[in-house]
Amino acid sequence: MAQMALSASPTLTLFNRVSGRSKQWGMLFPGSSRKLAINMSILMNFRSKGFSFVASGATQWNGGVAELVEGEAASRPYTWPDKKKPRVCILGGGFGGLYTALRLESLVWPEDKKPQVLLVDQSERFVFKPMLYELLTGEVDAWEIAPRFSDLLANTGVQFFQDRVKVLHPSDHLRMNGPTVSSCGGTVHLESGLVIEYDWLVLALGAEAKLDVVPGAAEFALPFSTLEDACRVDNRLRTLERKRFGRDFPIRVAVVGCGYSGVELAATVSERLQDKGIVQAINVETTICPTAPPGNREAALKVLSSRNVELLLGYFVRCIRKASISEVSEKQTESGTLLDAAAEHEPEKLILELQPAERGLQSQILEADLILWTVGSKPQLPQLEPCEWPHELPLNARGQAETDETLRVKGHPRIFAVGDSSSLRDSKGKLLPATAQVAFQQADFAGWNLWAAINDRPLLPFRFQNLGEMMTLGRNDAAISPSFIEGLTLEGPIGHAARKLAYLIRLPTDEHRLKVGISWLTKSAIDSVAAVQSSVIKVLSGS
């Protein structure tokens, strides 16, 4: 959930340096009157690692959440409340990170071994990503699927820092041939300058959209993987809907990628725009959702066809650029419409140049008002530069940490990795997909294995259990293929209701589940009353 960048010189970073100022981090939560101000200015130079950096800032305690204030002073590390109890630092607050923290909180611990847990995330909110699409239809409110960490963790012992991770400095590999018990597993350096010493570390940093594979994608296409992305897409659609209201110019939306995310976006946007827009979905494969169960794929094809979504299969995007004035005029002439004065002042249109990936297809040029990018993702662990240390973090080709079957990073007994940060294969040797379901299950095992490691018990090997696959296809439409009943697919309103119920159960805390459940029931009752009133009015009008 953060960006990364590698400089020209060899560096070891977990996130790139950002230009966010202290006021961005000061918008946190008021709490107790206990405040501990920690001013820090850190200058570090790790010659053996081949990197150096300077970080400065000031941190202030306010109700268990870190705030940054202006000023510089002598550096000081973060002080844990208890010097004797184990210290667990979790980097990333998505499904893997947050649910690991909650799992640790729910376990029964010996009084002297219950760990102190610190969760670090760059955002103030946890995001239930599978339901971001419902924000575009207005079916859910932001607080329902993106609650604040401060609210979720209010009744727990877990502390939360809103900050970015800068540098990871593990030291557990230095004791690989000796006893596993040591005074420190390593340190984490945050963007604010705060230095956190830990005994156990969980990497759950997630992934970000991969927009650098096609020229123009980073500049003109919008990803759809975070709350900010969803709000940006919604605002863009609102702007286009407002400017095209009462006019004959359709809103043209291009969705790049026809995996689950691309198909769900295409179905959601096409339902929202209806006859006011044209949605085109592009995929390099010759089918949509190639890894999905046949029932889900067929349900999606049926919905996309009914909403006139144009599928361009067997194509990849060669580049994205702004349309020239001559290209826009030519398109207007071909469609038989005139470019009026209002249209001349609209944002410039975009051009996608498509190259065939299959024989027998011709190159195409598409025009779009909005381009949504759903192809590829990259973990937010960087590719580490070669160094003198023999036990550096092992990464695969995608930049994920290689783990053993207990979710511990190979060569680092004090570091666990889950979700997009983890590279783990199933019993058939296939790499586990980067899905919420996998991260959710890994969090449960990571929490238990931390308990086992701290209490000197055997660790459990992770075994992924595929419970089935779900996808939304609109406001009152979805498809679910449960794994425990082969060949069964729930579609339409039934699938929609089952999907919402399944996700309601998976929300982080009992308190939040109760609030959201009441909210959804209220909305459903209001919608039912409105539907009855509409039916009565139609009957009366007909008579």
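Visitor: What makes helix 7 and helix 8 roughly parallel?

Guide: In this predicted model, the axes of helix 7 (residues 227-243) and helix 8 cross at roughly 30° and come within 12 Å. Angles under 35 degrees count as roughly parallel, so helix 7 is roughly parallel to helix 8. As for handedness, helix 7 passes helix 8 in a right-handed crossing.

Visitor: Which residues make the contact?

Guide: Helix 7 brings D234, L237, R238 and E241, and helix 8 answers with V269, R272 and L273. Sorted by class, that's three nonpolar, four charged and no polar residues.

Visitor: Why is helix 8 called largely enclosed?

Guide: Buried means under 20% relative accessible area. Eleven of the 14 residues of helix 8 are buried, so the rest of the structure largely encloses it. Among the buried ones are G262, V263, E264 and L265, and also V269, R272 and L273.

Visitor: How do you know that the length of helix 9 agrees with its residue count?

Guide: Helix 9 (residues 294-306) has 13 residues, and at 1.5 Å a residue they should span 18 Å; the end C-alpha atoms are 18 Å apart, so the two agree.

Visitor: What do the buried residues of helix 9 pack against?

Guide: Their partners are helix 8 (260-273) plus strand 15 (310-313), strand 24 (468-474), strand 25 (477-482) and strand 26 (490-491). The buried residues themselves are G295, N296, R297, A299, A300, V303 and L304. Just past helix 9, N308 has a positive phi of about 60°.

Technical notes: Residues numbered from 1 in each chain as written. Predicted model: local features only at pLDDT ≥ 70, side-chain atom pairs only at ≥ 80, totals over all residues. Heavy atoms only, no water. Helix = DSSP H or I, 4+ residues; strand = E, 2+ residues; numbered from the N terminus. Expected span 1.5 Å × (residues − 1). Buried < 20%, exposed > 50% of the residue type's maximum accessible area, 1.4 Å probe, protein only. Contact = heavy atoms within 4.5 Å. Axes fitted to C-alpha atoms, helices over the stretch in contact; angles between N-to-C directions. Parallel < 35°, antiparallel > 145°, perpendicular 65-115°, else oblique. Left-handed = near helix turned anticlockwise from the far one by under 90°. Nonpolar A, V, L, I, M, F, W, Y, C, P; charged D, E, K, R; others polar.
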